[in-house]
Amino acid sequence: MATTAREIDVARAREAVSRAIDEAANDLIALSTFIHDNPEIALEEVRASAACADFLAARGFEVERGVAGLPTAFAATVGTGAPRIAYLSEYDALPGLGHGCGHNLIAIAGIGAGIGLAAALPSLGGAGQVNVYGTPAEEAVGGKVIMANAGIFDGVDAALGAHPGASDAVCPTVEGSGQALACVLMRISFHGQAAHAAADPFNGVNALNAVIEVFNGINALRQHIKPDARIHGIITHGGDVPNVVPHFAQAEFFVRAATLAGMNSLVEQVRRIAEGAALMTGARLELEMPEEANSDMITNYTLATRLSQHIASSGLALPEAKPEPGSGSTDWGNVSYVVPSVETSYPILDRICTWHSRDVVEASVSPLGFANTLAVARAMALTGIDLIAEPELLADVKDEFARAKAARAA
Ligand SMILES: [Zn+2]
């Protein structure tokens, strides 16, 4: 069989992106408005995920719904072969607030980029896949964590996403920026022995004392942990009444560190403190980690730098990235350990404001919010073109990914 020469025409591919996103703009805004007006919280995004999946299916994507055992997750694909470029969408709302984090915009940023790059594929030599993933429950269990563990992102060559922010939003192009802390929930329970707190306390084993010793131990540890690590907790059960020695007490802590390995070593230290508290009090320790850990975010700066150039050329002027470590955690982190990743931020407000607020609910359906989201979608699609058309760029991205992972394993 004769092979046909595969022609790559980047100029035509770029035109196809612009045309596809311009033509779909009104429909994308309508989709985002629908998600905004029908807010659904984590794992309950039934209408939002269906609307996104239907939108992509109607535009030629092959859509698999309910991936990774998550009914509101989906995987949408166009094209064949390599490389595989993925865009990640979110759509969960906040309880009692609605879309106070702008995830209705994240939904169409990913979908807009996906349909843009899909339209460009015929001008890119015919090989390459576009994947759009619907990733639920970012605000709760972290759908991306579950999807990454299920191998959904295996084989993807690069993953891009965008999260709205205030006027100080940046694309993380400088080493040290765009990072997030690894994070895990530790639930520490103690089982003691109830007794009358005045009549025969000597027959009791005080589970609350054990919890208090855990707090004391962690506070002593605090002097010796890295400045970017965080250990913060509450007592979820401290007894029932003051005249009964508490037979059961429980605390929950989030343990965070700059890397997954650093977090794991802190978890071990907290475990030993809890074991010590059990030994001191005679209460029995039960230690659970009921949720999967969030990995730290390994931002790929080669990828982010190219994306930021396309964001700038789309007319969106973002502030310079600074090498400041993040203090939050995100389920993107787990994707970033599997696939070279960037999650850019971009402004939907012309001022700085409190996030997870009414201000954000309003900005998430504002003309500025939609205009900037579509600009970022276009920039993500154009970056996808570069990754397919310039094998050396993708090689650099993968090189950096391998080095960043090796540095964390050292
Ligand atoms: Zn968010």
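Start at the zinc ion: select it together with Cys 101, His 103 and His 163, which coordinate it through SG, NE2 and NE2 at 2.1 to 2.2 Å. Donors here are N, O and S atoms within 2.8 Å of the metal (3.2 Å for Na, K and Ca), and with water not among the atoms, sites may look incomplete. You are looking at a predicted model, where local features need pLDDT of at least 70, side-chain atom pairs count only at pLDDT 80 or more, and totals for chains, interfaces and linings use all residues. Residues are numbered from 1 along each chain as its sequence is written, and side-chain values use heavy atoms, leaving out hydrogens and water.

Along the chain, the zinc donors follow the spacing C-x1-H-x59-H. Are Cys 101 and His 103 buried or exposed? Both are buried (under 20% relative accessible area with a 1.4 Å probe, protein chains only; exposed is over 50%, partly exposed in between).

Next, colour domain 1 (10–179 + 295–409) and domain 2 (182–288), whose bounds come from an automatic or database domain assignment. Their C-alpha centres lie 39 Å apart. Seven residues from domain 1 and seven from domain 2 make the contact (heavy atoms within 4.5 Å).

Now zoom in on that interface. About 570 Å² is buried between the two domains, and carbon and sulfur atoms give 54% of this; buried area is the accessible area (1.4 Å probe) that two parts lose on being put together, summed over both. In domain 1, select Ser 295, Asp 296 and Ser 329: these lose the most area to domain 2, together 58% of what that side buries.
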